[in-house]
Structure formats: C-alpha cells, structure tokens
Amino acid sequence: MRKSRAKKRILLPDPKFGDKLVTRFVNTMMMSGKKNLAFKIFYDAMEIVEKNNPSDEESSVDVWKKALSNVMPQVEVRSRRIGGATFQIPMEIRPERKVSMGMTWMIKFARKRNEKSMAQKLAAEILAAYKEEGASIKKRSEVHKMAEANKAFSHFRF
C-alpha cells in the first residue's frame, strides 16, 4: 500500500450513559447522517428494555451489553485459495471485528422484525439476544457451525 494506514477516530461517549460502545452502536445504526434520530431510537429502545427487563437488578444498558456479547461470534471462516481450490478456513476473530459484527447483525435483524417502530424492533431484538434466542443468535450459531464443519482445513491458516 502506498498510503499509511488511516488513524482510528476517537469516539466521544454518549450523553445519557457516558459509554463509547453506545456511540459506536448508534453510529452503526445511523442512516443518512441522522445521528440525533439514531440516538432517539436507541434511547427509546433502552426505555422499552427497562420496562420489559427480565432481571430487575440489571440496568437496560447492562442488558444491551450482555445481549451484544451473546451475539458476538468467536470464529469465522475465511476463503483462501490454495493450488486451484478455494478452502473455507476457520479463524479466530480479532476483538474489534467481533464487536462490529455483533452490532451489525443485531441492527440488521432488528430492521427485519415486524414491530411498529424501530425502537420497538431494536428493543425486541435486544431482549431476544439477551435470552439467547432470535435471528442474530441464529446467525452466530450458523457462523460457528461453518467454522466447526471446516475445522479440518485449519492447518492452512496464514
């Protein structure tokens, strides 16, 4: 590569919870640069999670963080061409990518849900992921199954 690697931007913590992970999630959820709307959706979803919280001692942000950690994959398969054949090689995922994959899946499957507003969809997906059910958890298990099925090719790791 000719140019140097781009510098990592510093995220400011969100105004309500003071957490950088929340800001990162909102940035992932944001569409067309509408950050205020994305924050409003997230905070409304947190209120819904607070109302329907399965465990009373945990706050809504703790429920969301637990749901996110439930969704994050540990391994994934990467394609690698070796001698004319393409192999799916299971590899561990670096921590930054784990978080971004978990966030992306959670938002993607929340958008596909059937509730009325995006806040309700997101809250339902967070609660489902917290209980280790729902579409985003299913996606994680599919990725893990693919890695398990291709475990024989793990010696091709680069």
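Modeller: Let's take helix H6, which runs over residues 135–149. Helices here are DSSP runs of H or I with at least four residues, strands are runs of E with at least two, and both are numbered from the N terminus. H6 has 15 residues, and from its first C-alpha to its last it reaches 21 Å. That is close to the 21 Å expected at 1.5 Å a residue, where the expected span is 1.5 Å times one less than the number of residues.

A word on the ground rules: this is a predicted model, in which local features need pLDDT of at least 70 and side-chain atom pairs count only at pLDDT 80 or more, while totals for chains, interfaces and linings use all residues. Residues are numbered from 1 along each chain as its sequence is written, and side-chain values use heavy atoms, with hydrogens and water left out.

Ser136, Ile137, Arg140, Val143 and Ala147 are buried, meaning under 20% relative accessible area; exposed is over 50% and partly exposed is in between, with a 1.4 Å probe and protein chains only. An α-helix has 3.6 residues a turn, so residues three or four places apart point the same way. On the other side of H6 you will find Lys138, Lys145, Glu148 and Ala149, which are exposed.

What lies over the buried face? The cover includes helices H3 (60–71), H4 (95–111) and H5 (118–130), along with strands E1 (75–82) and E2 (85–92). Contact here means heavy atoms within 4.5 Å.

The buried residues of H4 include Lys98, Met101, Trp105, Ile107 and Phe109. Besides H6, the buried residues of H4 pack against H1, H3, E1 and H5.

H5 has a partner of its own in helix H2 (residues 35–51): the two axes come within 8 Å and cross at roughly 50 degrees. The axes are lines fitted to C-alpha atoms, for helices over the stretch in contact, and the angles run from 0 to 180 degrees between N-to-C directions. H2 and H5 are therefore oblique to each other; under 35 degrees counts as roughly parallel, over 145 as roughly antiparallel, 65 to 115 as roughly perpendicular, and the rest as oblique. H2 passes H5 in a right-handed crossing, that is, the near helix is turned clockwise from the far one by less than a right angle, with anticlockwise being left-handed.

Among the residues that meet there are Ile41, Asp44 and Ile48 in H2, and Leu122, Ala123 and Leu127 in H5. Asp44 counts as partly exposed at 26% relative accessibility. Asp44 and Ala123 are 79 residues apart in sequence, yet 8.4 Å apart in space, C-alpha to C-alpha. Leu127, at 9% relative accessibility, counts as buried.

H3, another part of the cover over H6, holds Ser60. At 4% relative accessibility Ser60 counts as buried, and not counting residues up to four places away in sequence, Ser60 touches Phe17, Met46, Val49 and Glu50.

One more detail sits in the loop between H5 and H6, where Glu132 is found. Glu132 has a positive phi of about 60 degrees although it is not a glycine, and at 45% relative accessibility Glu132 counts as partly exposed. Ser32, in the loop between H1 and H2, also has a positive phi, near 55 degrees. Ser32 is exposed, with a relative accessible area of 73%.

Finally, the whole chain. The protein has six helices and two strands, in the order α-α-α-β-β-α-α-α along the sequence. Of its 158 residues, 39% count as buried. Among contacts with a separation of 6 or more, 61% are between residues 24 or more positions apart.
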